[in-house]
Amino acid sequence: MDERGGGAAGGGSFVAVRRISPNIHRGNACHSTSAEVVAGSAAWIGRGLSCVCVQRRESDARPSFDLTPAQEDCLQRLQSRIDVAYDSSILEHQEALRALWHAAFPEEELHGLISDQWKEMGWQGKDPSTDFRGGGFISLENLLFFARYFPKSFQDLLRKREGDRSLWEYPFAVAGVNITFMLIQMLDLEAVKPRTLVGATFLKYLSENEAAFDLLYCIAFKLMDRLWLSMRASYMDFNAVMKSTRRQLERELLLEDTNRLEDLPSYGLLCR
């Protein structure tokens with residue numbers, strides 16, 4: 001998982017989606033819009049993943065929280081998922097990528113796992129596998145979970161249906177990889193034991209629902225888009241929006257009287 005922290009502060013690649021449709025539709029109706037994918041270089045997403053998270057010194061002292069056997073088992077299973085890198089030579093990974101395409105564009109035939117079509121979803125190039133290094137196979141699983149369990153919200157974000165959108169929009173798929181990476185860091189999931197109250201609180205949810213990480217991912221993605229709109233953000237503001245998303249999620253996870261992730265205020269943003 002060494003590559004997840006990569007990305008120089010002054011360099012890195014991004015793909016921004018410029019909306020060229022003059023009419024931005026609001027509401028829940030389905031509308032198709034035109035977009036073009038523009039490649040450039042800046043320190044934000046893709047190889048600049050590390051800039052969205054708080055950096056800590058190795059000497060920082062942080063408490064650890066004891067786990068119940070059930071919580072420890074759930075954490076280890078989730079960590080095993082996190083450790084799986086995307087491998088384009090593995091059939092299961094290939095099929096998952098095809099499934100993501102069909103969930104996103106059910107009426108459009110995919111020409112191949114390497115195709116310019118992938119740019120329509122917001123990947124940086126014609127081969128999505130090059131973008132998974134920041135989040136691993138679990139980031140693909142997260143996108144698939146989102147598409148299957150909250151298809152309306154997934155399509156709304158993919159097609160940028162809601163709100164007064166920026167001329168230069170965040171690319172959907174690569175933003176999704178960033179969200180996976182941000183959650184792994186926020187919840188301190190690579191530690192043997194949680195060292196933050198937020199991480200310890202999340203393990204309570206995980207022990208009761210093995211899909212808790214995937215569900216929190218959906219909440220985070222929808223919340224990020226809501227903050228993107230409220231901040232009237234453009235692609236250069238992506239890191240600021242991600243930091244705001246993280247802070248809001250941390251606050252909600254620590255609210256009293258929440259017994260499951262469905263009780264979080266931002267869960268109400270999701271639509272099936």
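**A tour of the core and its aromatic rings**

Begin by selecting Phe 172, which is buried in this predicted model, with a relative accessible area of 2%. With Phe 154 in helix H4 and Phe 172 in helix H5, 18 residues apart, the pair links distant parts of the chain.

Within the model the count comes to 15 aromatic pairs. One of them joins Phe 146 and Phe 221, whose ring centres lie 5.7 Å apart with planes at 40 degrees, so the pair is tilted. Here Phe 146 belongs to helix H3 and Phe 221 to helix H7, 75 residues apart. Phe 146 counts as buried at 0% relative accessibility, and Phe 221 counts as buried at 0% as well.

Now show the largest nonpolar core, which has 73 residues, and in which those with the most contacts include Met 121, Trp 123 and Phe 221. Among the elements that give two or more residues to this core are helices H3 (137-149), H4 (151-158) and H5 (172-186), while H7 gives the most, with 14 residues.

Centre the view on Met 121, which touches, among others, Leu 100, Trp 101, Leu 158 and Phe 172.

Finally, select Lys 160 and Tyr 170: the charged end of Lys 160 sits over the ring of Tyr 170, 4.2 Å from its centre.

Terms used. Residues are numbered from 1 along each chain as its sequence is written. This is a predicted model: local features need pLDDT of at least 70, side-chain atom pairs count only at pLDDT 80 or more; totals for chains, interfaces and linings use all residues. Side-chain values use heavy atoms; hydrogens and water are left out. A nonpolar core is a set of buried Ala, Val, Leu, Ile, Met, Phe, Trp, Tyr and Cys residues joined through side-chain atoms within 4.5 Å. Buried means under 20% relative accessible area, exposed over 50%, partly exposed in between (1.4 Å probe, protein chains only). Helices (H or I, at least four residues) and strands (E, at least two) are DSSP runs, numbered from the N terminus. Contact means heavy atoms within 4.5 Å. Rings of Phe, Tyr and Trp (its six-membered ring) pair if their centres lie within 6.5 Å; planes under 30 degrees apart count as stacked, over 60 as edge-to-face and the rest as tilted. A charge sits over a ring if NZ of Lys or CZ of Arg is within 6 Å of the ring centre and within 35 degrees of the ring normal. Lists of a residue's contacts leave out its neighbours within four places in sequence.
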